[in-house]
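This note sets out, point by point, what a reader new to the structure may wish to check. Please read it alongside the sequence and the model.

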Amino acid sequence: MSIQSINHWNLLEGPAADKGRDYRQIKDAVPELKKKTIKTDSAEFSKEGMQALRERVQNMPGHMDVEEIMRMKEILPKLKMNPADEFYWAMKEDMQNSLNAVKESKGTYTLDDLIAVRMEAYEKQYDSLQQAYRDGSREIYVCDGMDENGRMQYHQVTKEEDEAYLKEAFGRAADSLMFAAKSQEIQWQINEKFGKQSALPVSLPEGYGEKLSGILKRAADSYTQQKETGTHVTAAGLALQFLNADKKFSDAMHVLFSNLKPAIR
């Protein structure tokens with residue numbers, strides 16, 4: 001079944017019948033309409049009318065004009081739901097890859113390794129972020145919600161905001177070592193009760209997990225400050241330096257992690 005196409009711009013220009021080469025126009029069949037122009041899909045407005053219509057449409061809830069659509073086409077690929085999450089997952093992947101490499105090399109890992117993989121992941125993300133702002137390749141946006149007309153609000157993330165997102169993400173990575181430490185304490189207790197192994201031979205100071213996490217966060221802050229002044233340091237080196245500054249605490253933490261199993265993260 002074939003369907004004859006119709007010119008919607010002016011139905012009067014369409015053929016009334018098609019018999020071989022004998023075409024007749026509707027306007028020929030209806031002479032009184034010859035001077036009439038009918039456009040079913042268009043309407044003519046004065047300049048003032050067009051302006052009024054434009055303003056009315058632009059004020060409709062949820063309306064996006066052409067300029068806004070084009071702008072959003074540029075923004076959407078750069079719009080991030082939560083930059084801190086992206087930093088965290090990137091660091092977590094780096095941490096796991098580094099830890100796997102340590103296990104393949106040594107067969108196991110230590111507290112120092114757990115600290116180092118976290119600090120190295122932070123250092124990588126921080127250095128990459130700084131380089132991106134130096135060469136102008138970093139341009140992301142975050143959503144600020146909707147305005148009263150239902151239009152999406154957003155803004156370009158500043159360097160300072162980006163650094164805050166990274167700091168937030170690393171805080172989660174540092175806290176994961178606190179949780180690992182508490183899991184180690186529980187494991188010692190389980191081994192003592194059910195595995196007939198010796199009890200943890202050191203006393204753990206109150207708040208040891210928070211202190212361990214705080215050392216990593218302090219090292220990250222120190223790393224960023226010293227990098228800004230041009231001082232050559234490593235984030236892992238700073239963290240281990242801060243840890244070992246309190247020998248009693250450092251010794252207790254190394255004993256706590258001395259029975260690490262490869263499954264512990």
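This is a predicted model: local features need pLDDT of at least 70, side-chain atom pairs count only at pLDDT 80 or more; totals for chains, interfaces and linings use all residues.

1. The buried residues of α7 are Tyr208, Gly209, Leu212, Ser213, Ile215, Leu216, Ala219, Ala220, Ser222, Tyr223 and Thr224. Here buried means under 20% relative accessible area, exposed means over 50%, and partly exposed lies in between, with a 1.4 Å probe and protein chains only. Among the elements that cover these residues are α5 (111-135), α6 (159-194), α8 (235-244) and α9 (247-256).

2. Residues are numbered from 1 along each chain as its sequence is written, and side-chain values use heavy atoms, with hydrogens and water left out.

3. The protein chain has nine helices and five strands; these are DSSP runs numbered from the N terminus (helices H or I, at least four residues; strands E, at least two). Their order from the N terminus is β-β-α-α-α-β-α-α-β-β-α-α-α-α. Of the 265 residues in the protein chain, 31% are buried. Among contacts (heavy atoms within 4.5 Å) with a separation of 6 or more, 68% join residues 24 or more positions apart.

4. How far apart are the end C-alpha atoms of helix α7? They are 31 Å apart, which agrees with the 30 Å that the 21 residues of α7 (residues 208-228) should span at 1.5 Å a residue. The expected span is 1.5 Å times one less than the number of residues. Glycine 230 follows α7 and has a positive phi, near 85°.

5. Serine 213 belongs to helix α7. Its relative accessible area is 1%, so serine 213 is buried. Beyond its neighbours within four places in sequence, serine 213 contacts Ala174, Asp175 and Met178.

6. The largest nonpolar core has 51 residues, of which Met119, Phe170, Leu212 and Phe257 touch the most other members. Two or more residues of this core come from each of α4 (83-106), α5, α6, α7, α8 and α9. Such a core is a set of buried Ala, Val, Leu, Ile, Met, Phe, Trp, Tyr and Cys residues joined through side-chain atoms within 4.5 Å. Apart from neighbours within four places in sequence, phenylalanine 257 contacts Leu111, Leu114, Leu177, Ala180, Ala181, Gln184 and Leu212.

7. The structure holds 12 salt bridges, each a side-chain nitrogen of Lys or Arg within 4 Å of a carboxyl oxygen of Asp or Glu. In one of them, aspartate 85 pairs with arginine 172, with the closest N and O atoms 2.8 Å apart. This pair links distant parts of the chain, since aspartate 85 is in helix α4 and arginine 172 in helix α6, 87 residues apart. Aspartate 85 is partly exposed at 28% relative accessibility, and arginine 172 is partly exposed at 31%.

8. Lysine 78 and glutamate 139 also meet in a salt bridge, at 3.3 Å from N to O. Lysine 78 lies in the loop between α3 (66-75) and β3 (79-80), and glutamate 139 in the loop between α5 and β4 (141-146), 61 residues apart. With 27% relative accessibility, lysine 78 counts as partly exposed.
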